[in-house]
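Reader: Could you walk me through a few features of this model, one question at a time?
Author: Gladly; let us look at it together.

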Amino acid sequence: MARVLFLGGLGRSGTTLVERLLGELPGVCALGEVVHLWQRDIRDDERCGCGARFSACTFWQRVGRHAFGGWHNVDVDRVHALRDAVERTRHIPRLATAVEAPDEVHEYAHFYARVYKAAAEVSGARVVVDSSKHSALAHVLRWAPEIDLRVVHVVRDARGVAYSWTKKVSRPETDGAEEMTRYSPGRSALLWNAHNAAFGLLGKRGVSMHRLRYEEFLHDPRSRLSAISDFAGLRLMPEDLDFVGDGYADLRVGHSAAGNPMRFTVGRVPLRRDDAWKRSLPRNQRRLVGTVCGPMLRAYGYPLSLEETR
């Protein structure tokens, strides 16, 4: 059984940084956003976090051979058809309330289970990290008997998330040819509510859950990493966290399959809160997001006024 630490939440919530730091821990292999593996990597041959094209990355080619006898044996069209049939936000109520999942759910989850198991074997890791974030995918994976699923629900202030979604960010893996998706603050607020509520529902269905506020993670990354490691069933020694210093972390090359451009960063990175939204997100948009997300922001312990955040 593959032990999978699934990072869930809405994009731009800091999951890539959390994943990169987890990937530095002994016994952990960070895979990036596996949900995009089928199209961006197998089909489009985009760049791995190590900088090489997917087809030239030794790690991922070994994973492909272990999992499928080679990536050429994966029917990507079938994976996409299964995704469209079962992995959509609108399917979450059915996935959450079903007594037994349809065969398509098990078939789709099995593709992921084979990747997770192969990655663990190739890397020698006890835990693999999937930062796919998608709530519908997490609801699918809970039905896979061959996956020991443990979800880290990463939450960030909805107003900071909304501001991040408005920024233009190029995708280095496409050599600057494409930009990451952008959403309006109103759209991101609705998505923030929906995805976070879906992870709350997942916890009520018996899936092991650990909630992580991104702002608290940045305030004390060492203790938060220790807590996540305990949740994942790993025992750390104090020296295992030596790569985290006072306000920074030292990162090695990783093999993230897809995700935020930060997955390509190697070396020393700062660990500090990005509160630019307090200055740069227009007041009317701040109020809109705060109103739409107010109940859940309060439930997660976030203040609704800027005065309270100081």
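**A buried asparagine and its surroundings**

Author: Asparagine 196 is buried, with a relative accessible area of 1%; buried means under 20% relative accessible area, exposed over 50% and partly exposed in between (1.4 Å probe, protein chains only). A word on the basis: this is a predicted model, in which local features need pLDDT of at least 70 and side-chain atom pairs count only at pLDDT 80 or more, while totals for chains, interfaces and linings use all residues. Residues are numbered from 1 along each chain as its sequence is written, and side-chain values use heavy atoms, with hydrogens and water left out.

Reader: Which residue's backbone oxygen lies 2.9 Å from a polar atom of the side chain of asparagine 196?
Author: Asparagine 196 has its place in helix α9 (helices are DSSP runs of H or I with at least four residues, strands runs of E with at least two, numbered from the N terminus). Not counting residues up to four places away in sequence, asparagine 196 touches Gly9, His153, Val154, Val155, Met296 and Tyr300, where contact means heavy atoms within 4.5 Å. The backbone oxygen at 2.9 Å belongs to tryptophan 192.

Reader: How are α9 and α13 oriented to each other?
Author: The axes of α9 (residues 185–204) and α13 (residues 283–299) come within 9 Å and cross at roughly 10°. Axes are lines fitted to C-alpha atoms, for helices over the stretch in contact, with angles from 0 to 180 degrees between N-to-C directions. Angles under 35 degrees count as roughly parallel, over 145 as roughly antiparallel, 65 to 115 as roughly perpendicular and the rest as oblique. The two helices, α9 and α13, are therefore roughly parallel.

Reader: Is asparagine 193 buried or exposed?
Author: Asparagine 193 also sits in α9, where it touches Val292, Cys293 and Met296, leaving aside residues up to four places away in sequence. Because its relative accessibility is 16%, asparagine 193 counts as buried.

Reader: How many residues of strand β3 are buried?
Author: Val127, Val129, Ser131 and Lys133 point one way from β3, and Val128, Asp130 and Ser132 the other way. Strand β3 (residues 127–133) is mostly covered, and the number buried is 7 of its 7 residues.

Reader: Which residue in β3 is the bridge partner of valine 28?
Author: Strand β2 (residues 28–30) runs parallel to β3, joined by 3 bridges; two strands pair if DSSP finds at least two bridges between them. The partner of valine 28 is valine 127.

Terms used. A polar contact is a pair of N or O atoms within 3.5 Å; within protein, one must be able to donate a hydrogen and the other to accept it, and residues adjacent in sequence count only if both atoms are side-chain atoms.
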